[in-house]
Amino acid sequence: MRPGEKLSGRLERIYRENRQSLFTYALSITRCREMAEDAVQDAFCRLFRLDGAPRRLKPYVFRAVRNAALNQVRGRTSSAELSPESIFANGADPQAAAVASEFRERVEAALARLSEDEREVLVGRLYADLTFREIAAIREVPLATAATWYRRGLEKLRAYLRDA
Amino acid sequence: MDELESRLRSLPLRRPSPGLDDRVFGSARPAGAGAERQAGRSPARVPLWSAAAAAILMGLLGYGLRWLTAPAAAERRPALPIVTTEIIVRPAADAMPFDFTRPSDPWLEGPLQAELVHVKGA
């Protein structure tokens, strides 16, 4: 936290520094790009109305986005679940994209086989650049639990990719 | 970080739409924010003498306007006393008017006698 910085300024800085991470984290939960963006917007809409700043703002922001994403999932119609969207994009280079595409599809399939906790921690650690301490604060679990979910999830992923 | 983690991290991520920033910061600064600030501002100070002068002026204008537009005084008539008038109509002949034994006879047949009775009311 920078001295004298107001809450709205801190929130704006956190958003700008973690824009991609927040979106990816929300997308991994909603599996729908539009809903993920709605979740980020809803969360910040509430965050900007906070009276006082939480002690650790970054995990608080991610937890707010996570809760908003879960709300989106609870409120969606069944038709939205038919075509879940991936957190991964196609590469810009067509040749590289073709090579990466096969690996990406295997990773996607493997991620889908993990438990929700394991998948969420893997996405948070690998694609949202969160530390275990931050993940533990977001999920309100002990640090060791977050680390265990990650280690277990990564080992399962390794096994699924080897077998595939 | 092992080799698998590096490979996983290298996968390109889907990006949010460019409009997300506007949506997020639009929610941070709602349209009503300016109006709320206006509403929260204390009202402009007006000197007491000018407020009193304006009140007197408006009063005089209102009185003058009423005087100009008021209709001429209506002619006043004293209220008439309440009088109940009963008109009693009966056949001149001293016949029983409701003689149902002879239904063909009209009960008001023949010359009629009227009597006006004035009863002063309250």
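**Close-ups of a helical chain and its core**

**View 1. Helix α3 of chain A, end to end.** α3(A) has 19 residues and spans 27 Å from first C-alpha to last, close to the 27 Å expected at 1.5 Å a residue (the expected span being 1.5 Å times one less than the number of residues). Helices here are DSSP runs of H or I with at least four residues, strands are E runs of at least two, and both are numbered from the N terminus. Bear in mind that this is a predicted model: local features need pLDDT of at least 70 and side-chain atom pairs count only at pLDDT 80 or more, while totals for chains, interfaces and linings use all residues. Residues are numbered from 1 along each chain as its sequence is written, and chains are lettered from A and ligands numbered from 1 in the order in which they are written.

**View 2. The buried residues of α3(A).** Among them are A:Phe62, A:Val65 and A:Ala69, along with A:Arg66 and A:Gln72. Buried means 20 or more other C-beta atoms within 10 Å of the residue's own, exposed means 12 or fewer, and partly exposed is in between, with C-beta atoms placed from the backbone. The buried residues of α3(A) pack against α1, α2 and α6 of chain A.

**View 3. Chain A as a whole.** You'll find seven helices and zero strands here. Of the 164 residues of chain A, 37% count as buried. Taking contacts in chain A with a separation of 6 or more, 71% join residues 24 or more positions apart; a contact needs C-beta atoms, placed from the backbone, within 7 Å.

**View 4. The largest nonpolar core.** This core has 47 residues, and A:Ala26, A:Val40 and A:Val65 are among those with the most contacts inside it. A nonpolar core is a set of buried Ala, Val, Leu, Ile, Met, Phe, Trp, Tyr and Cys residues joined through C-beta atoms within 7 Å. Elements giving two or more residues include α1 (7-30) of chain A and α2 (20-28) of chain B. α1(A) gives the most, with eight residues.

**View 5. A:Ala26 and A:Val40 up close.** A:Ala26 sits in helix α1 of chain A and is buried, with 30 other C-beta atoms within 10 Å. Skipping neighbours within four places in sequence, A:Ala26 touches A:Ala36, A:Ala39, A:Val40, A:Val65 and A:Ala69.

Notes: Contact = placed C-beta atoms within 7 Å.
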